[in-house]
Amino acid sequence: RLREQRSPGRAAMSDFNTDIGPLLADIVEEAGRLVLPLWKSGLEVFSKADDSPVTEADRRGERLILERLETHFPGVHVISEEDASEFGAPDEVGDRFFLVDPVDGTKAFVRGDPNFTVNIALIEHRRPVAGAVCAPASGETWYTQGGHAMKRSVGETGKPVQARSWPQGGAVALVSHTMKEDTLKALHDKNGFDATRAMDSSIKFCRLAEGSADVYQRHGPTMEWDIAAGHAVLEAAGGSVLTPEGEAFVYGKADEKFRNGWFVARGK
């Protein structure tokens with residue numbers, strides 16, 4: 001099944017509706033419920049070809065997501081992290097495709113940190129037009145709907161969230177746990193934030209989207225499936241994800257094996 005999903009394709013329905021965030025939210029939440037019991041369970045960690053970690057949680061979550069996407073969106077190409085790692089990223093991709101990361105922040109997942117996420121994004125013409133991010137450990141889900149960003153917790157209905165304007169004297173930068181001191185100083189000199197908060201995974205985009213932080217600048221390596229869903233949510237909340245030069249951040253970089261360059265994510 002995984003190999004079948006790797007061929008470029010078109011949606012079976014010509015009137016494809018891109019306002020699918022709530023459905024994607026249902027899927028990432030279902031995958032989140034599947035992987036959550038494996039968190040803090042001492043499960044075995046394997047190494048992929050690039051020496052990054054993978055667990056049974058990644059594999060189970062991806063299998064479920066691929067099955068759900070094939071059911072609801074037959075024929076739409078899906079690029080998913082573990083499939084790309086095992087079989088290689090495709091050499092070409094169409095104008096419409098999904099990006100899937102079943103457990104973003106696997107290192108955090110393994111060490112028992114709650115900031116891991118499940119991610120699905122729909123890309124059209126190189127831009128993220130719909131997405132959903134679930135944080136299983138906290139029971140939070142962020143997703144796009146009707147041109148807005150929404151958030152819901154377990155047992156609650158979704159409510160709109162919005163990125164905040166830069167708060168003078170109180171701006172918060174989100175950084176990775178592994179950021180070096182000199183890199184952090186350079187970012188501070190450039191952005192002028194007042195405090196930092198370290199966390200892993202695409203949840204950083206969601207914290208920007210809900211207005212609890214202000215900037216996340218990334219210099220380290222990421223892949224398209226790591227950030228696309230969070231990018232969709234943040235833009236719907238009024239924020240932005242741009243290159244350091246201020247240009248649009250695009251997807252479908254098959255010639256670069258779907259690797260990302262540096263980017264800056266901001267609230268308003």
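Author: Welcome! Helices are DSSP runs of H or I with at least four residues, strands are runs of E with at least two, and both are numbered from the N terminus. The protein has 7 helices and 14 strands. This is a predicted model, in which local features need pLDDT of at least 70 and side-chain atom pairs count only at pLDDT 80 or more, while totals for chains, interfaces and linings use all residues. Residues are numbered from 1 along each chain as its sequence is written, and side-chain values use heavy atoms, with hydrogens and water left out.

Reader: Where is Lys257, and what makes it count as partly exposed?

Author: Lys257 sits in the loop between β13 and β14. Its relative accessibility is 36%. Buried means under 20% relative accessible area, exposed means over 50%, and partly exposed is in between (1.4 Å probe, protein chains only). Lys257 at 36% therefore counts as partly exposed. Its phi is near 60°, a positive value in a residue other than glycine.

Reader: Why is Ala254 called buried?

Author: The relative accessibility of Ala254 is 9%, so this residue counts as buried. Ala254 belongs to the loop between β13 (240-242) and β14 (263-266).

Reader: Which residues does Ala254 touch, not counting residues up to four places away in sequence?

Author: Ala254 is in contact (heavy atoms within 4.5 Å) with Pro90, Asp91 and Glu92. Ala89 is 165 residues from Ala254 along the chain, yet their C-alpha atoms are separated by 7.5 Å. Across the protein, 66% of the contacts between residues at least 6 apart in sequence join residues at least 24 apart.

Reader: Is Arg126 partly exposed or buried, and what is its phi?

Author: Arg126 is partly exposed, because its relative accessible area is 41%. Its phi is near 75°, positive although the residue is not glycine. You can find Arg126 in the loop between β5 (117-124) and β6 (127-135).

Reader: How do you know that the span of helix α7 agrees with what it should be?

Author: The expected span is 1.5 Å times one less than the number of residues in the helix. Helix α7 (residues 224-236) has 13 residues and should span 18 Å; its end C-alpha atoms are 18 Å apart, so the two agree. Helix α1 (residues 21-35) reaches 21 Å with its 15 residues, close to the 21 Å expected.

Reader: What makes α7 largely enclosed by the rest of the structure?

Author: In α7, 11 of the 13 residues are buried, so the helix is largely enclosed. Among them are Trp225, Ile227, His231 and Leu234. Just after α7 comes Gly238, with a positive phi of about 100°. The buried residues of α1 include Leu24, Ile27, Glu29 and Val35. For the protein, 52% of its 268 residues count as buried.

Reader: How many cavities of 30 Å³ or more are there?

Author: There are 2 of them. A cavity is a set of points on a 1 Å grid over the protein atoms alone where a 1.4 Å probe fits but cannot get out; lining residues have an atom within 4 Å of a point.

Reader: Which residues line the largest cavity?

Author: The lining includes Leu174, Leu187, Asn191, Phe193 and Tyr216. Two or more lining residues come from each of β10 (172-175), α5 (181-191) and β12 (215-218). The lining divides into 7 nonpolar, 2 polar and no charged residues.

Note on methods. On a 1 Å grid over the protein atoms alone, a cavity is a set of points where a 1.4 Å probe fits but cannot get out, and a pocket is an open set with protein on both sides within 12 Å along at least five of seven lines; lining residues have an atom within 4 Å of a point. Grid points are joined across faces, edges and corners, and a volume is the space filled by probe spheres set on the points. Ala, Val, Leu, Ile, Met, Phe, Trp, Tyr, Cys and Pro count as nonpolar, Asp, Glu, Lys and Arg as charged, and the others, Gly among them, as polar.
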